Amino acid sequence: MQFFVDTADTNDIRELESMGILDGVTTNPSLIMKSGRDFKEVIKEICGITKGPVSAEVTAIEADAMIAEGKNLATLAENVVVKLPLTWDGLRACRALTDAGIRTNVTLCFSATQALLAAKAGATYVSPFVGRLDDIGQDGMQLIADIITIYENYPSLTTQVLVASIRNPVHVLDAARMGADVATVPPSILKQLVKHPLTDKGLAAFLDDWKKTGQKIL
Ligand code: E4P
């Protein structure tokens with residue numbers, strides 16, 4: 001499974017990239033707002049940090065305007081992926097941008113039939129939001145399972161399942177168990193993945209015993 005990071009914070013992106021655990025980046029207008037930075041400037045900077053796909057979202061709501069915005073965003077860097085909302089106009093823009101050779105990420109997906117349409121429209125990625133479904137009492141990970149089953153039923157559908165709106169390490173674990181193509185994870189949750197109380201306890205015991213030997217490695 002590929003790890004994308006869901007942030008516009010370039011310090012976090014730089015650190016993850018230097019560790020070699022980053023496959024790509026997703027942003028959205030809310031994350032850009034949180035960064036307090038100019039949209040195009042931050043997308044260009046992110047694309048300079050990683051060679052992986054970097055999702056940049058259009059803000060128009062009508063297909064022709066989305067296509068124009070998408071084409072403009074795609075000029076920022078080779079690794080820009082144009083993010084489009086899962087609306088009728090978004091799907092029309094997806095088809096046009098795909099046909100123009102521009103990669104797309106169809107976002108705000110909350111049903112398997114929406115994901116089926118995104119694949120038919122040629123989306124490179126579809127982003128089902130698991131956390132937001134859990135928030136309203138539905139089963140976000142069941143949606144991922146359904147989309148994977150449907151896509152596997154029809155091998156001509158090549159859209160990758162990008163699990164989004166991840167809120168905890170269990171979402172990541174379940175996504176990997178199901179064989180999702182990508183999980184886009186906030187930096188704070190990526191850091192939680194390394195945590196285990198037995199790791200901390202074991203390390204403390206090793207360091208304690210090492211101290212008793214009075215030895216040094218360097
Ligand atoms: C995905 O591309 C979105 O940016 C993101 O995962 C949304 O997550 P949220 O529901 O935590 O805002």
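I began at the ligand, where one of its oxygen atoms is 2.6 Å from an N or O atom in the side chain of Lys83, a polar contact in the sense of a pair of N or O atoms within 3.5 Å. I noted that this is a predicted model, in which local features need pLDDT of at least 70 and side-chain atom pairs count only at pLDDT 80 or more, while totals for chains, interfaces and linings use all residues. I also noted that residues are numbered from 1 along each chain as its sequence is written, and that side-chain values use heavy atoms, with hydrogens and water left out.

I then found a polar side-chain atom of Arg132 2.6 Å from a ligand oxygen, and one of Asp6 2.8 Å from a ligand oxygen. Among the residues around the ligand (a heavy atom within 4 Å) I also listed Thr26, Asn28 and Phe129.

Next I looked up helix 8 (residues 140-153) and helix 9 (residues 169-178), which pack at about 15° with axes 10 Å apart. That makes helix 8 roughly parallel to helix 9, the term for angles under 35 degrees. In their contact (heavy atoms within 4.5 Å), Met141, Ile144, Ala145 and Ile148 of helix 8 meet His171, Asp174, Ala175 and Met178 of helix 9.

Last, I checked helix 6 (residues 112-120), whose axis comes within 9 Å of that of helix 8 and crosses at roughly 40°.

Notes
Axes fitted to C-alpha atoms, helices over the stretch in contact; angles between N-to-C directions. Helix = DSSP H or I, 4+ residues; strand = E, 2+ residues; numbered from the N terminus. Parallel < 35°, antiparallel > 145°, perpendicular 65-115°, else oblique. Polar contact = N/O pair within 3.5 Å; in protein donor to acceptor, adjacent residues only side chain to side chain.
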